[in-house]
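Student: Could you take me through one part of this structure closely, and then show me what surrounds it? I would like a connected account, with the terms spelled out.

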Amino acid sequence: MKTIYNILIISSLLTLMAGCRKDWLERTPQTIILEEQVWNDPKMILGLLANYYDRLPTDMGVDGNWRNMADYDDAMWSGYTGEDGRNNIISYAYSRWFFWDYGLIRDINLALESIDKYSTKLTDVQKKQFAAELRFVRANVYFELVKRMGGVPLITKQLIYDFSGDPTPLQFPRAKEAEVYDFIASEMDAIKEDLQNIANGTPSNTRANKYTALALKSRAMLYAGSIAKYNNLMASPITLPGGEVGIPAEKANEYFTKALEASKEIITSGAFALYKVNTGNLGENFYEAVVKKIGNKEAIFVRDFLSAKNKRHGFSYDNIPLGIREDNLSSSCITPSLNLVESYEYLDGSNGALKTRLPDNSDFIYYDNLQDIFANKDARLYGTVIYPGSTFKGLPVQIQAGVMKWNGAAYQTIEGSQLGAIYGGTAYPDGDGKLLVGSSGPHRSIQEVTNSGFYMRKFLDAGAGTSTRGILSDIWWVRFRLAEIYLNAAEAAFELNQKADAATWISALRERAGFGANSVTDATLTMDRIRNERRVELAFEDHRVWDLKRWRIADQVWNGQTGNPDNVVYALYPYRIIRPGDAARDGKYVFVKMVAPRFKAPRFFQMGNYYSAIDQGVLNNNPKLVRNPFH
């Protein structure tokens, strides 16, 4: 019996050995993608790249972080009262702009090394293209790091832990702030010719190409030049002994020159053009310049959304004016400030402050129509803001705070508790039966209706049903557009005392907005005007806070003092006049400027906000890092 068992065991082993042929053991797994497969398949690499592009950070956008638009001075929060803290930011937290995504840098470094190691089936052109795109994304991440944190460790290779118990080989000190900016510039110079993504002369605006590399260099060098100049003009420049924070003043012109050269290369390339399609309506034209996807040669680099791929966002859902919302349970969250509205000049070049009172302040100015107070304004205002008397989606946006009734000696202000209410009926038996409060407010206390008297237009989708939950919006987020490059060129040229060129670029943007040709000259152009041009042209495109920081004026503009109008959000409330027998006033409209009722605390930007605090966990993991000043 024992002999029979031995024979069976031996037979089984022989059968098993016969089945274990070499090719059987080396079969390709069906559930695991191997490195060789990934890095030799352009579609898989592109999929990874799409993920990396998507992870590029912004402080504000159209999905997720759009609420931050309410945190500065161009807008306030009028939505759900649970987020009223945005109107009550006593001081910005030192960690507010903290960013330390070395996970993304690690992924990119790994991808670069893997292409070198595994990509045997890609052509040299393909390998250069993918590597250059990865380096573009990495440089972009480093730009986001340096503008928030100052100098950071420059890690360009994959770091691998050896499980020895000694982490010091993984710990790197912070580079100098200037070194990070230099790295960004040198990377863009090194890769720009390898970046293709240009078909029939038309560059892609969703993938990096030569011009996106130049655009990043233009912006980064302008930031570096500004810090080199303006930080050193402060009474107490913000620096660290190792140069992790602060850039020597003597480098300012070098950076401004690089910003100017990169900007000019884009402008003179002919690959892009300012959007001037809707010349019959310059306000709509400006709106389209930012949001229109077809026939728009102004967009250089965008984060796109696409309904057909179910990549959509709810910006319109949450910010459509209340009176024209569709199936929304939310609306009207971000509402622009009067501060922003008044930064748009009149077309004769005069100050943009709206005229609400006679020069001697003895009476209101009476307007026949609500929109008349905005007549002859910079067309970019219309393209950015929905103001009283204007429309959206072809629908009137009804904005009226109430009525003012003359009692023979003074006006009685009447504001209803219901939106869209009529001044009449049992509630107001002496009323005239006409509109009391607009269906879109403004209202002092109701949530999800404008508290400032204005609504967003920029980034709001004018397509049918796009503010409904079922459809949503696929309006893109603009990272770079040609108008910014014009502004970068103008500012850099101004700093280099090339004022005639600077005035030419500024005038081109203003002419598109309705100003006459050459509306600014080298004699009239000032740095304050350039700064205001950036504010009105680039509102809500994630520039305002970074501009104030690099010019080192954020602590002056938002100084926390209640007497400083710059750090308080103002509103504009329109009223219909009831004054029978006075044809010059009855039925007209007047406007009242006020601090927005839901706005509670003046903005306070502290010196410690110029560079964000490094998270304690990061410091614990790497003792070679030094803290930023004031933290």
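Tutor: Let us start with helix 10 (residues 282-291), where eight of the 10 residues are buried, so this helix is largely enclosed by the rest of the structure. Buried here means under 20% relative accessible area, whereas exposed means over 50% and partly exposed lies in between, with a 1.4 Å probe and protein chains only; helices are DSSP runs of H or I of at least four residues and strands are runs of E of at least two, numbered from the N terminus. This is a predicted model, in which local features need pLDDT of at least 70 and side-chain atom pairs count only at pLDDT 80 or more, while totals for chains, interfaces and linings use all residues. Residues are numbered from 1 along each chain as its sequence is written, and side-chain values use heavy atoms, with hydrogens and water left out.

The buried residues of helix 10 are Gly-283, Asn-285, Phe-286, Tyr-287, Glu-288, Ala-289, Val-290 and Val-291. Their cover includes helix 13 (379-384), strand 7 (391-392), strand 14 (477-481), helix 15 and helix 16 (527-537), where contact means heavy atoms within 4.5 Å.

Helix 15 (residues 499-512), one of the elements in that cover, also packs with helix 14 (residues 482-495): their axes, which are lines fitted to C-alpha atoms over the stretch in contact, come within 7 Å and cross at roughly 150°. Angles run from 0 to 180 degrees between N-to-C directions, and those over 145 count as roughly antiparallel, so helix 14 and helix 15 are roughly antiparallel to each other. On the helix 14 side, Ala-483, Tyr-486, Leu-487, Ala-489, Ala-490, Ala-493 and Phe-494 meet Lys-499, Ala-502, Trp-505, Ile-506, Ala-508, Leu-509 and Arg-512 of helix 15. By class, this contact holds 12 nonpolar residues, two charged ones and no polar ones, with Ala, Val, Leu, Ile, Met, Phe, Trp, Tyr, Cys and Pro counted as nonpolar, Asp, Glu, Lys and Arg as charged, and the others, Gly among them, as polar.

Helix 14 also carries Glu-491, which counts as buried because its relative accessibility is 0%. Leaving aside neighbours within four places in sequence, Glu-491 is in contact with Leu-222, Ser-226, Met-527, Ile-530, Arg-534, Arg-550 and Trp-551.

Methods: Parallel < 35°, antiparallel > 145°, perpendicular 65-115°, else oblique.
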